[in-house]
Amino acid sequence: MPDDILTVASELAEITRLVADDDFGATMGRFVTRIVRTVPGCDDAIITVRSSTGVETVHSSRDLGFDPLVPGPIVEAVTFAEPRRLDDVAADQRWPSFGTQFVNAGYRSCLCLPVATTRDETAVLTLLSKDPARFGEVAYDLVLLLTMHAGVAFDNASLFHDSRELVTQLRAALQTRSLVGRAQGLLMRHFEYDSQRAFDVLKRASQNSNKKLRDLAALLVDAHEGDNFDAVLRDFGLTEQDAAAVRPASS
C-alpha cells in the first residue's frame with residue numbers, strides 16, 4: 001500500500017503539468033485508474049471542476065451510467081469545497097434525484113473530497129462503489145492525503161505546491177480540450193471525416209509542423225473565423241490528398 005500511495009501522489013503531481021502535455025486523456029486516465037486500484041472498494045472515480053462558468057466533469061474512468069452534475073453530493077462538494085459522503089443510497093434520501101440515477105447505474109456509495117486550492121475555482125475527486133459503506137476512515141484518510149495534503153506523501157514542498165495548482169491546470173486543460181474539439185469539428189465538416197480521422201489528421205499535422213496540438217487547433221479556429229481557413233489548411237498540408245496519408249489502411 002505505501003508504494004501505491006507514493007505512485008498516486010506522483011501521478012497527481014503529473015496532472016499539474018498537463019498544460020505542457022497534449023495527451024490530457026491518457027494522463028487523467030492513468031491517475032483515475034491508479035486511484036481505483038489503490039483505494040479498497042473503489043469501482044470508479046471522477047474529477048469535477050467548478051469555475052465561474054459552471055460545473056463540469058473532467059474525467060471518469062468509464063461511462064458511469066448517471067449524470068454526476070445532478071444536484072447531489074458531487075455538486076455540493078465542488079460548490080462548497082467541503083467533503084460529502086454517501087454511505088448507502090438505499091438508506092440516505094438527502095439527494096433523491098441523484099440517488100435514483102445513482103442506484104439505477106449500479107452504485108451504492110460514494111466519497112467526494114475537495115482538491116486543495118487557494119483560487120476561486122474548486123475541484124473534487126469522487127470515489128464510487130457498487131457496495132454500501134465502502135469508504136470508511138481508511139479510504140477517507142488516504143484520499144484526503146492525495147487531494148489535500150499530497151506533499152506529505154513525499155515530504156516535498158514542491159509537490160504540495162503542485163497539488164494546490166491542480167485546479168488551475170485542469171481548467172486550462174479543459175480549455176485546450178474544447179479548442180481541439182472545435183478544430184476537429186471544422187475538419188470533419190470540411191473533409192467529411194469522422195471524429196477519429198479528424199483527430200488523427202490534426203495530430204499528424206501537429207507533428208509534421210512541430211507545433212503543439214492546441215496551438216494548431218487555435219490557428220485553425222481563428223482562420224475559420226477570419227475567412228482564411230483554406231489558406232491555413234494548405235500551409236499545414238491539410239488538403240484532402242495530404243490528409244489521406246493518415247487514413248487507416250483498411251479505409
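**Helix packing and other local features**

Guide: Helix H9 (residues 195-209) and helix H10 (residues 213-225) have axes that come within 9 Å and cross at roughly 110 degrees. H9 is therefore roughly perpendicular to H10, since angles of 65 to 115 degrees are put in that class. The model is a predicted one. Two packed helices are described by the angle between their axes and the distance between the axes. On the H9 side, the residues that meet H10 are Phe199, Leu202, Lys203, Ala205 and Ser206. Their partners in H10 are Leu213, Leu216 and Leu220. Sorted by class, the contact of H9 with H10 has 6 nonpolar, 1 polar and 1 charged residues.

The loops on either side of this helix pair each hold a residue with a positive phi. Most residues other than glycine have a negative phi. Asp227 lies in the loop between H10 and helix H11 (229-235). Asp227 is not a glycine either, and its phi is positive at about 65 degrees. With a relative accessible area of 73%, Asp227 is exposed.

H3 itself has buried residues: Pro73, Ile74, Val75, Ala77 and Val78. Two of these, Ile74 and Val78, touch Thr48, which sits in strand S1 (residues 44-51). Thr48 is buried, because its relative accessible area is 0%. Leaving aside residues up to four places away in sequence, Thr48 also touches Val55, Glu56, Thr57, Val58, Leu69, Thr122, Ala123 and Val124.

Next come the aromatic residues. The structure holds 6 aromatic pairs. In one of them, the ring centres of Phe66 and Phe102 are 5.4 Å apart and the planes stand at 85 degrees, so the pair is edge-to-face. Phe66 is in the loop between strand S2 (54-60) and helix H3 (73-80), while Phe102 is in helix H4 (residues 96-104), so this pair ties together parts that are 36 residues apart in sequence. Phe66 and Phe102 are both buried. Phe66 also forms an edge-to-face pair with Tyr107, with 5.8 Å centre to centre and 70 degrees between the planes. Tyr107 lies in the loop between H4 and strand S4 (109-115), so the pair with Phe66 ties together parts that are 41 residues apart in sequence. Phe66 counts as buried because its relative accessibility is 8%, and Tyr107 counts as buried because its relative accessibility is 0%. Ring pairs link Phe66, Phe98, Phe102 and Tyr107 into a cluster.

Finally, the cysteines. The structure holds 0 disulfides. For Cys110 the closest cysteine sulfur is in Cys112, 4.2 Å away, which is too far for a bond, because a disulfide needs the two sulfur atoms within 2.5 Å. Cys112, too, is in no disulfide. Cys110 counts as buried because its relative accessibility is 0%. Cys112 is buried, with a relative accessible area of 0%.

Technical notes: Residues numbered from 1 in each chain as written. Predicted model: local features only at pLDDT ≥ 70, side-chain atom pairs only at ≥ 80, totals over all residues. Heavy atoms only, no water. Phe/Tyr/Trp six-rings, centres within 6.5 Å; stacked < 30°, edge-to-face > 60°. Helix = DSSP H or I, 4+ residues; strand = E, 2+ residues; numbered from the N terminus. Buried < 20%, exposed > 50% of the residue type's maximum accessible area, 1.4 Å probe, protein only. Axes fitted to C-alpha atoms, helices over the stretch in contact; angles between N-to-C directions. Parallel < 35°, antiparallel > 145°, perpendicular 65-115°, else oblique. Contact = heavy atoms within 4.5 Å. Nonpolar A, V, L, I, M, F, W, Y, C, P; charged D, E, K, R; others polar.
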